[in-house]
Amino acid sequence: MEKELFRKLLSGVMEVIDGKSKEGSNILSNLVNETHNEENLAIVFSGLYSLVKLARKHPHGTLKQQILKEDLQELKIPAAFIPDISAAVFSSSDIDPTENGPSLPRLSNLQWRLDVAISTSSLNRVLEPTINMEMCLSNGKIHNFEVPIAKFHELRYNVAALLKEMEDLETRNILKIQV
Amino acid sequence: MSLMFTITPSIKKAVVCINELPESKFPLVLSRIIQKLHLKDERPFTEDEEEKLQKTLELQEADLELVIHTCEFFLHQAAYHSAKPQVLRQQLQQLQLDDNKVDAIVNTWTGDARNVVEKLRSRTLSAKKLEDVNWRLNLQMGQRDKSKSRQPNAMLELGINNDNDEKDKEKIRLEFTHDQLYAFYNQLQTIQNQIDGLS
């Protein structure tokens, strides 16, 4: 296989892995030529796909370039292609870990408004602040609600406490968290 | 302060009824009324209780209704103007209420004013209100395409009360990474700064 064709295939694989492109078949049909039919290309494509996927599964930093090289040689991958594969594995385009896997909805947008009530039908001087929040979630739902000032303090306190716990968790050495 | 009460025929009639009430029972009636003053859709007494009251106070149904409404009105007005006790006393006396009844109303008002005004202040017209906040911190250990990961994630649950429908308590559940949570906290901090700027 020519290096140029191989590189095109590999970049197609990476696009699919990174979620930039969902269709591998388009890439394949564009690359068909006299020596390689689509079936052959599909075999190489899926092989590369599994290879990179598996290599990437290791947590960041634990996979050594030398070991990957040896493993690829063992698989009888032509030496000329190894640097390219290795580069693809370690490129580790920092895809957001939150975009894969199951998860609760994320907060995609928060709009808020701070009101101070002046008078109401039952009190001529109220002067009580309230907050209106509109939360847009990543699942497309929009929630509108009011936050009385006491509840706002509760919310802020809880988020701060949670944030602190999270920071503590990340600095605890025994857990060896990579962020 | 402007005049809280104007003498209308129905207030005149109510004053006559109130003056005839037994002195010992009247404060009890007032105390129930003020307890329920901040509730929008609730009457101070149930139908059963109203029937019993008619007997103990020796009032006709219509008169009892008038007495209750008028007392509610007095207290509502006092709350609306955040009336000082002397002012309330003076204005009630102008309606020709007996002194012991004026005392009872003023005492009820001074005893509970702070509480009532506080409750009325927090009364809003918005149906949905934030009620409680719960959270949970997790450490993600693995995922289908990621082994041995160590990724903290934060879950937040916001309980939203819906006034229109008691049973329909909504829960908003959210998940955050560290960065996302930090961004959210910063937004809350911006709101806090605005609140601090108010006073």
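In what order do the elements of chain A run from the N terminus on? They run α-α-α-α-α-β-β-β-α. That comes to six helices and three strands. Before going further, a caution: this is a predicted model.

I'll stay with chain A for a moment. The chain has 179 residues, and 36% of them count as buried. Now take the contacts in chain A with a separation of 6 or more. Residues 24 or more positions apart make up 46% of those.

One residue to look at here is A:Leu54. You can find A:Leu54 in helix 3 of chain A, which covers residues 38-57. Is A:Leu54 buried or exposed? The relative accessible area of A:Leu54 is 59%, and the cut-off for exposed is over 50%, so A:Leu54 is exposed. If you want a distance to check on screen, go from A:Leu54 to A:Val89. They are 35 residues apart in sequence, and their C-alpha atoms are 9.5 Å apart in space.

Next, chain B, and one helix of it. Helix 5 of chain B covers residues 85-93, and its buried residues are B:Leu88, B:Gln91 and B:Leu92. Why do these residues sit on the same side of helix 5 of chain B? Because they cover an arc of only 100° around the axis. As for what covers them, the list includes helix 4 and helix 6 of chain B.

Now the two chains together. The size of an interface is often given as the accessible area lost when the parts come together. Here, chain A and chain B bury about 5,600 Å² between them. Of that area, 68% is on carbon and sulfur atoms. How many residues does the contact take from each chain? It takes 60 residues from chain A and 58 residues from chain B.

There are also polar pairs across the contact. Between chain B and chain A, 16 residue pairs are in polar contact, counting pairs with both residues at pLDDT 80 or more. On the side of chain B that touches chain A, the elements that give two or more residues are helix 4 (61-80), helix 6 (99-121), strand 1 (128-140), strand 2 (151-162), strand 3 (170-176) and helix 7 (178-196). Which of these gives the most? Helix 7 of chain B does, with 14 residues. Sorted by kind, the residues on that side of chain B are 26 nonpolar, 17 polar and 15 charged.

That leaves the salt bridges. Over all chains, a search of the whole structure finds 17. How many salt bridges are there between chain B and chain A? The count is two.

One joins the side chains of B:Glu175 and A:Arg106, at 3.0 Å from N to O. B:Glu175 lies in strand 3 of chain B, and A:Arg106 lies in the loop between helix 5 (82-91) and strand 1 (107-117) of chain A, so the pair joins two chains. B:Glu175 has 7% relative accessibility and counts as buried. A:Arg106, at 11%, counts as buried too.

In another salt bridge, the side chains of A:Glu128 and B:Arg121 meet at 2.8 Å, N to O.

Two further salt bridges lie within chain B. In one, B:Lys128 pairs with B:Glu170, with the closest N and O atoms 3.2 Å apart. This pair links distant parts of the chain, since B:Lys128 is in strand 1 of chain B and B:Glu170 is in strand 3 of chain B, 42 residues apart. B:Lys128 counts as partly exposed at 27% relative accessibility, and B:Glu170 counts as partly exposed at 22%.

In the other, B:Asp132 pairs with B:Lys169, and the closest N and O atoms are 3.4 Å apart. B:Asp132 lies in strand 1 of chain B, while B:Lys169 lies in the loop between strand 2 and strand 3 of chain B, so the pair ties together parts that are 37 residues apart in sequence. B:Asp132 is partly exposed, with 24% relative accessibility. B:Lys169 is partly exposed as well, at 36%.

Last item. Which residues do salt bridges with shared partners join into one network? They are A:Glu128, B:Glu118 and B:Arg121.

Terms used
Residues numbered from 1 in each chain as written. Chains lettered and ligands numbered in written order. Predicted model: local features only at pLDDT ≥ 70, side-chain atom pairs only at ≥ 80, totals over all residues. Heavy atoms only, no water. Contact = heavy atoms within 4.5 Å. Buried area = accessible area lost by both parts, 1.4 Å probe. Salt bridge = Lys/Arg side-chain N within 4 Å of Asp/Glu carboxyl O. Polar contact = N/O pair within 3.5 Å; in protein donor to acceptor, adjacent residues only side chain to side chain. Helix = DSSP H or I, 4+ residues; strand = E, 2+ residues; numbered from the N terminus. Nonpolar A, V, L, I, M, F, W, Y, C, P; charged D, E, K, R; others polar. Buried < 20%, exposed > 50% of the residue type's maximum accessible area, 1.4 Å probe, protein only. Arc of directions from axis to C-beta.
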